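Biologist: I've got a protein model open and I'd like to learn how to read it. Could you take me through it feature by feature?

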Amino acid sequence: MNQDKLIMTIDGQEKIYDVYYSFTCPQTNKGYIAYSEHKKDNDGNEIILVSSYDPNISTTKLYPVTDPKEMELVQEVFEKIKSIA
């Protein structure tokens, strides 16, 4: 998945998100994507959403990342990207 914007229809409304990064992990055979619509939490931090997807299917359906090991992997990649930027 290589794109700058992610467009999803949620409850009949189209939402546009900015994609921060996406990557495929051979160990899990899944793709991961981090994206945001630039909303802030109560502490003023940007809310970044993370989902997984099947990189072998051209029509992408996003799934929640619920496995703690997968979330740790995504956070490690995010930290590496932040340190480079």
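Biologist: Let's begin with burial. Are Tyr17 and Tyr35 buried or exposed?

Modeller: Buried means under 20% relative accessible area, exposed means over 50%, and partly exposed is in between, using a 1.4 Å probe and protein chains only. By that rule Tyr17 is buried, and Tyr35 is buried too. Keep in mind that this is a predicted model, where local features need pLDDT of at least 70, side-chain atom pairs count only at pLDDT 80 or more, and totals for chains, interfaces and linings use all residues. Residues are numbered from 1 along each chain as its sequence is written, and side-chain values use heavy atoms, with hydrogens and water left out.

Biologist: Okay, next: rings. How many aromatic pairs are there in the whole structure?

Modeller: Here's the idea: rings of Phe, Tyr and Trp (its six-membered ring) pair if their centres lie within 6.5 Å; planes under 30 degrees apart are stacked, over 60 edge-to-face, and the rest tilted. Searching the whole structure gives 4 aromatic pairs. One of them is Tyr17 with Tyr35, an edge-to-face pair with 5.2 Å centre to centre and 80° between the planes. Tyr17 sits in strand β2 (residues 13-25) and Tyr35 in strand β3 (residues 30-36), so this pair ties together parts 18 residues apart in sequence.

Biologist: Can you show me some strand partners?

Modeller: β1 and β2 are antiparallel over 6 bridges, and Thr9 stands opposite Glu14 in β2. Their hairpin has 2 residues between the strands, and there Asp11 takes a positive phi near 50°. Further along, β3 pairs with strand β4 (residues 49-53), antiparallel over 5 bridges. Ile33 has Ser51 in β4 as its bridge partner.

Biologist: Which residues make up the largest nonpolar core?

Modeller: In soluble globular proteins, nonpolar side chains tend to be buried together. A nonpolar core is a set of buried Ala, Val, Leu, Ile, Met, Phe, Trp, Tyr and Cys residues joined through side-chain atoms within 4.5 Å. The largest one has 8 residues: Leu6, Met8, Tyr17, Val19, Ile33, Tyr35, Tyr53 and Leu62. β1, β2 and β3 each supply at least two residues of this core. Apart from it lies another core of 7 residues, including Tyr21, Cys25, Tyr32 and Val65.

Biologist: Last one: how many salt bridges are there?

Modeller: A salt bridge is a side-chain nitrogen of Lys or Arg within 4 Å of a carboxyl oxygen of Asp or Glu. The count comes to 5 salt bridges. Among them is the one between Asp18 and Lys5, at 2.3 Å from N to O. Asp18 lies in β2 and Lys5 in β1, so the pair ties together parts 13 residues apart in sequence. Asp18 is partly exposed at 21% relative accessibility, and Lys5 is partly exposed at 44%.

Biologist: What about Lys15 and Glu37?

Modeller: They form a salt bridge too, with the closest N and O atoms 3.9 Å apart. This pair links distant parts of the chain, 22 residues apart: Lys15 is in β2 and Glu37 in the loop between β3 and β4. Glu37 also forms a salt bridge with Lys39, with 3.6 Å between the closest N and O atoms. Shared partners join Lys15, Glu37 and Lys39 into one network.

Key. Helices (H or I, at least four residues) and strands (E, at least two) are DSSP runs, numbered from the N terminus. Two strands pair if DSSP finds at least two bridges between them.
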